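Subject: Structure handover

Hello,

Here is the structure you asked to look at. Please open it next to this message and follow along.

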Amino acid sequence: MDRGQKQEMVASLNQTFRDANAVVVTHFLGLTAGEATDLRRQMSAAGATFRVTKNSLTRLALEGTPYQGLGALFDGPTAVALSKDPVAAAKASVGFAKTSDHLTILGGALGETMLDEAGVRALAALPSLDEVRARLAGMLSRPAAGVAAVLTAPAGQLARVFAAYGGERDAA
């Protein structure tokens, strides 16, 4: 890789870090090609990306981003999981790490907040942005359904009374 290609890669990585809301740094020692493909699919399904990068170029790309503090984690066979959803990269990384001994979570960051491994695992336990939106929509629609039920109940009761009264008259 020549100097121009390296500069392009650093600029591309820098923009990727600027666009991400969450970053998880991992070691992937012993990860097979099949496992890597499976991991990338899981990341993509969760709305995150997984990139294996050269450590020295990644440290350069971190400069000027909120994730500068992660530079010390880039030692050995490292890769990054990135996402715009604050929880997606952490959920996908932790989920895969539970099933594979070849992926180790080193740490990460949420915005400018640096996280250790325990922090990434705690972040993964939180509901995703879509789950929070669904819960909020459910909470907002419940009172409306209750109001509708209360408003229709008297009319239904009145109809049953008329039906019962009409049935008694017809029987007599």
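Which residues of α4 are buried? They are Ala88, Ala89, Ala90, Ala92, Ser93, Val94, Phe96 and Ala97. Before going further, please keep in mind that this is a predicted model.

The helix and the sheet

The buried residues of α4 pack against β1, α2 (33-46), β2, β3, β4 and α5 (117-125). Helix α4 itself covers residues 88-99 and lies across β1 (22-27), β2, β3 and β4. Its direction is at about 135 degrees to β3. With 12 residues, α4 reaches 17 Å from its first C-alpha to its last. That is close to the 16 Å expected at 1.5 Å a residue.

The sheet is open and is formed by 5 strands, in the order β2-β3-β1-β4-β5, with antiparallel pairing. Strands β2 (48-52) and β5 (113-115) each have a single partner strand, so one side of each has no neighbour in the sheet. From one strand to the next, the twist averages 20 degrees.

The loop between α3 and β3

Thr65 sits in the loop between α3 (55-62) and β3 (78-83). Is Thr65 buried or exposed? Its relative accessibility is 6%, and because buried means under 20%, Thr65 counts as buried. A polar atom of the Thr65 side chain lies 2.6 Å from the backbone oxygen of Leu62. Apart from neighbours within four places in sequence, Thr65 is in contact with Asn14, Phe17 and Arg18.

Pro66 is found in the loop between α3 and β3 as well. Pro66 has 35% relative accessibility and therefore counts as partly exposed. Leaving out neighbours within four places in sequence, the contacts of Pro66 are Gly111, Glu112 and Met114. Take Met114 as an example: Pro66 and Met114 are 48 residues apart in sequence, yet their C-alpha atoms are 9.4 Å apart in space.

Tyr67 brings us to the aromatic rings. How many aromatic pairs does the structure hold? It holds 1. The pair consists of Phe17 and Tyr67, whose ring centres are 6.3 Å apart; the planes are at 55 degrees, so the pair is tilted. Phe17 lies in helix α1 (residues 3-19) and Tyr67 in the loop between α3 and β3, so the pair ties together parts that are 50 residues apart in sequence. Phe17, at 0% relative accessibility, counts as buried. Tyr67, at 1%, counts as buried too.

Thr53 has a relative accessible area of 13% and is buried. Which side chain makes a polar contact with the side chain of Thr53? It is the side chain of Thr58, at 2.5 Å. Leaving aside neighbours within four places in sequence, Thr53 is in contact with Leu13, Thr58 and Thr78.

Regards

Notes: Residues numbered from 1 in each chain as written. Predicted model: local features only at pLDDT ≥ 70, side-chain atom pairs only at ≥ 80, totals over all residues. Heavy atoms only, no water. Helix = DSSP H or I, 4+ residues; strand = E, 2+ residues; numbered from the N terminus. Buried < 20%, exposed > 50% of the residue type's maximum accessible area, 1.4 Å probe, protein only. Polar contact = N/O pair within 3.5 Å; in protein donor to acceptor, adjacent residues only side chain to side chain. Contact = heavy atoms within 4.5 Å. Pairing = 2+ DSSP bridges. Axes fitted to C-alpha atoms, helices over the stretch in contact; angles between N-to-C directions. Expected span 1.5 Å × (residues − 1). Phe/Tyr/Trp six-rings, centres within 6.5 Å; stacked < 30°, edge-to-face > 60°.
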